[in-house]
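User: I would like to learn how to read the features of a structure model, one at a time. Please give me the general idea, then the case at hand.

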Amino acid sequence: MLDDSGRFLVDRLVESPSHVQDGPDVAVGALEEALDQVLGLTGVARESVHAVGLGTPGPASADGVISSKGATNFPQTAWHGFDFRGALERRLGVPVTYNNDGNAAALYAHHVHFGSEAALHSSVSAIVGTGLGGGVIEAGRVIRGAAGMAGELGHVHIPMQGLLADGQPVPECKCGFFADAESVASLTGIEKNLLPYWLTRFPDHELARAGSIGEAAKLVRGYGDSDDPLALEILGQQAMALGRLFTIASNFIDPSAYFVGGGVVEASPKFREWFLAQVREHTLLRYEQLKVATFALIPDRDMAGARGAALAAFHSLVNAL
Ligand SMILES: [Zn+2]
């Protein structure tokens, strides 16, 4: 929540159940309750709210209509093609702006990093979680694209030569592509592609005895934190994949900044710096670009998406003045 000067009024993430599993009506009602909960915390009256930002995992249209084919986080058929933004706007009676969670986090990262100079810069953010989300910001604004699908960095194809080890199968993404960025740089990529291969190279590793490959995949980052060789192979491949993705971005939009966020950097400061340095090393910039580009981690973890959604709502009001 921001006041009319653009200052955040709550310094932490206020979480409440989304009730997405109970269908759109219940979930929209839960969002209204969540808004009232935050208003209660800050002592702000509902009448003082001029705009609300909504952010959700995709795929959804630029205007917040959930994909007609459904989405991982919105399993019931009632969500297919549901105009989430429009429904919340009708419920709350104030304008609601929409961004997918990757774009929202990218917007937040950009504004935190550049502050009052946000409008003078561009940036690319990659957020490594279950999938690989992201966003592209130009002149302080989210690039949405014609169909709302700009910044889907996870499904950009990247070169695998020199990234994969001898005999390592070409990784497949759940979107159906082979060798895109998410097929390597995501938790799903570890589970489906990287860990099964690397366990053949480290057959005596403790992770080979984990309950399931899914459980083992979640433990990889923790092992990386303690310099475990298998984990460092996997996380090194992820960092290289992000560097190759950023190399493509450098030729497309030549941004001022490259941001990395998500679960992969929620580790010890030493690990985070190592990971970011690996990403930087594999991002092949030209001399002129190296002089001006910065690499940084996205701050505030889970709060980045929520704050980015709120920032977008704030910008919509400022632009309307
Ligand atoms: Zn993909």
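User: Which strands does helix 3 lie across?

Analyst: A helix that packs on a sheet is described by the strands under it and by an angle. This model is predicted. Here helix 3, residues 101-114, lies across strand 3, strand 4, strand 5, strand 6 (257-262) and strand 7. Its direction is at about 50° to strand 4.

User: In what order do the five strands stand in the sheet?

Analyst: The order here is 5-4-3-6-7, in an open sheet with mixed pairing. The edges are strand 5 (141-142) and strand 7 (294-297). Each has a single partner strand, so one side of each has no neighbour in the sheet.

User: How many bridges join strand 3 to strand 4?

Analyst: Pairing is read from bridges, residue by residue. Strand 3 (residues 122-128) and strand 4 (residues 132-138) run antiparallel and are joined by seven bridges.

User: At what angle do the axes of helix 5 and helix 6 cross?

Analyst: For a helix pair, look at the axes, then at the residues between them. Helix 5 (residues 213-225) and helix 6 (residues 229-252) have axes that come within 8 Å and cross at roughly 110°. Angles of 65 to 115 degrees count as roughly perpendicular, and the two helices are therefore roughly perpendicular to each other. On the helix 5 side the contact involves V220, Y223 and G224, which meet L230, A231, L232, I234 and L235 of helix 6. By type, seven of these contact residues are nonpolar, one is polar and none is charged.

User: Into which domains is the chain divided?

Analyst: Domains give the overall layout of a chain. Here domain 1 covers 1-94 and domain 2 covers 105-297. Their centres, taken over C-alpha atoms, are separated by 28 Å.

Conventions:
Residues numbered from 1 in each chain as written. Predicted model: local features only at pLDDT ≥ 70, side-chain atom pairs only at ≥ 80, totals over all residues. Domains from an automatic or database assignment. Pairing = 2+ DSSP bridges. Helix = DSSP H or I, 4+ residues; strand = E, 2+ residues; numbered from the N terminus. Contact = placed C-beta atoms within 7 Å. Axes fitted to C-alpha atoms, helices over the stretch in contact; angles between N-to-C directions. Parallel < 35°, antiparallel > 145°, perpendicular 65-115°, else oblique. Nonpolar A, V, L, I, M, F, W, Y, C, P; charged D, E, K, R; others polar.
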